[in-house]
Amino acid sequence: MKALTWHGKRDVRFETVPDPQITDPTDVIVKVTSSGLCGSDLHLYEVLGPFLEEGDILGHEPMGVVQEVGRDVAQIAAGDRVMVPFNVSCGTCRTCTEGLHSQCETTQVHDYDNGAALFGYTKLYGQVPGGQAELLRVPFGNTLPIKVPDGPPDDRFVFLSDVLPTAWQAVQYANVPPGGSLVVLGLGPIGDMAARIALHQDAGQVIGVDLVPERLERARARSVTVLNLDDHAEDLSDIIRDHTDGRGPHAVIDAVGMEAHGSPTAELAHKATSLLPSRLAAQLMERAGIDRLHALRLAIDIVRRGGTISLSGVYGGMTDPLPLLTMFDKQIQLRMGQANVHRWVPDILPLLLDGDPLGVEDFAAHHLPLSQAPQAYEMFQKKQQGAVKILFRP
C-alpha cells in the first residue's frame, strides 16, 4: 500500500510500505477514505523527531470502510463505514469505563509513563502505525471503531476522530455559564471548532484571537468576535477586558499549545534540540523540554478571577515555570488533557445526523490526494493558501 512516512525534520514521503495484517483476533483492517492533517502532526514535522524512526507512518484522524475483520470481531463487519478515534483505547478497562479513554490502562505507554497509545504519534505514544495511508490496522475491533451511516460525505464524520471531541472537551472543561463569555486563543481547527461549539451551547460572547487572516475571517463568519494579535500585541488584555465588563472572560481556551507565537528563546531551544543526536535530544526533551508558554501566560492574565482555563493545545515541556502565585491569587481553575473521544461521541454524533449546525461539511479548506501530503505539510506549517484544515483522500 501507499502511506505517508517520516524520514526526518520536515521530510515526509509518500511511498510504498507493507500492507497491515490482522495480528490479533479482534483486529480489523480499514480501507481509509479520508484522513486529516492535524496541528499536532506539525510537532512531528518539526520537533519530535527524537521519538520517531524512519518509515513511521503518520496520521491520527482517519475514517473509512472495514475491509477485513478478525475471527473474534462481532460488532462490525466487512463493508461497514467507520470512524477511527485517535486514542487507541480498549473500551473495557477501568479508565475507559469511566470515560477517560485517553488514559486507557490496556494501552498505556509505560516506557514513557504516558497515557493511552495514539495512532501515528511517536514512541511516546506507542509507535502505532497511523492513518495517513491506504490501509489501517485497528485493534479492539468490537469497541474502538465507531460505525457511521452510509450516505453523507466523509466530511460529516471524519472530524469525530479528533477535531470535534477535542474541541467539545475543551468547551466542556471551560464550563462557560449560560450567556457567559469565552476567549479562544488560536483559531486553528480546534480553536475554530471550539468557538462554534460554545456558540451552539449558548455562550453569550465568544472572542477569538489569532494572527492569520484566513482563520480570523472563518471565525468572524460564524459570529465570533475576532481580534488580530498583530494589531493588539501590546493591549490585547485591556481590549478583552473592555469587551467583558472590565473583569475578563468567564473562561479561556488555549488552543495554541507549544506552537505559540511570541517566545523566540523557546523557539531557539526547540531548534537547538533538533540538532542534537536523537538519543540525547530525546533525553533532553523528555526531562527538560522548553515550551512556548506565551498563550498560556496570556490566558492566565486575561481570565477573570475565579474563572477557568481549558487547555486543548499540546504542551511538551517538563521544566517550564508557571506563575503559580498569580494563578492561586486569582483562584483560577485549570483543566486539560488529551480528548477522550468515545466519551463525547454520544453528544456529538446526533448533531452530525440532524443537519449540520457546526458546519463540518465545509470545515476543511483543502481536499488533496495523499500523494500531495509532503507539499501539504509544508503549506500547513507555513500557514499558506488558507490551509486551516486539510483532508487527504488516499
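Apart from neighbours within four places in sequence, Pro129 is in contact (heavy atoms within 4.5 Å) with Ile57, Phe119, Gly120 and Leu136. The model is predicted, so local features need pLDDT of at least 70 and side-chain atom pairs count only at pLDDT 80 or more, while totals for chains, interfaces and linings use all residues. Residues are numbered from 1 along each chain as its sequence is written, and side-chain values use heavy atoms, with hydrogens and water left out.

**Pro129**
- Pro129 lies in the loop between β7 (117–118) and β8 (135–138).
- Because its relative accessibility is 48%, Pro129 counts as partly exposed (buried is under 20% relative accessible area, exposed over 50%, partly exposed in between; 1.4 Å probe, protein chains only).
- Gly55 is 74 residues from Pro129 in sequence, and their C-alpha atoms are 9.7 Å apart.

**Helices α3 and α4**
- Helix α3 (residues 163–174) packs with helix α4 (residues 189–200) at an angle of about 60°, and their axes are 8 Å apart.
- The contact involves Val163, Leu164, Thr166, Ala167, Trp168 and Val171 of α3, and Pro189, Ile190, Met193, Ala194, Ile197 and Ala198 of α4.
- By class, this contact of α3 with α4 has eleven nonpolar residues, one polar and no charged (Ala, Val, Leu, Ile, Met, Phe, Trp, Tyr, Cys and Pro count as nonpolar, Asp, Glu, Lys and Arg as charged, the others, Gly among them, as polar).

**Whole chain**
- The chain has twelve helices and 17 strands (DSSP runs: helices H or I of at least four residues, strands E of at least two, numbered from the N terminus).
- Of the 394 residues in the chain, 56% are buried.

Technical notes: Axes fitted to C-alpha atoms, helices over the stretch in contact; angles between N-to-C directions.
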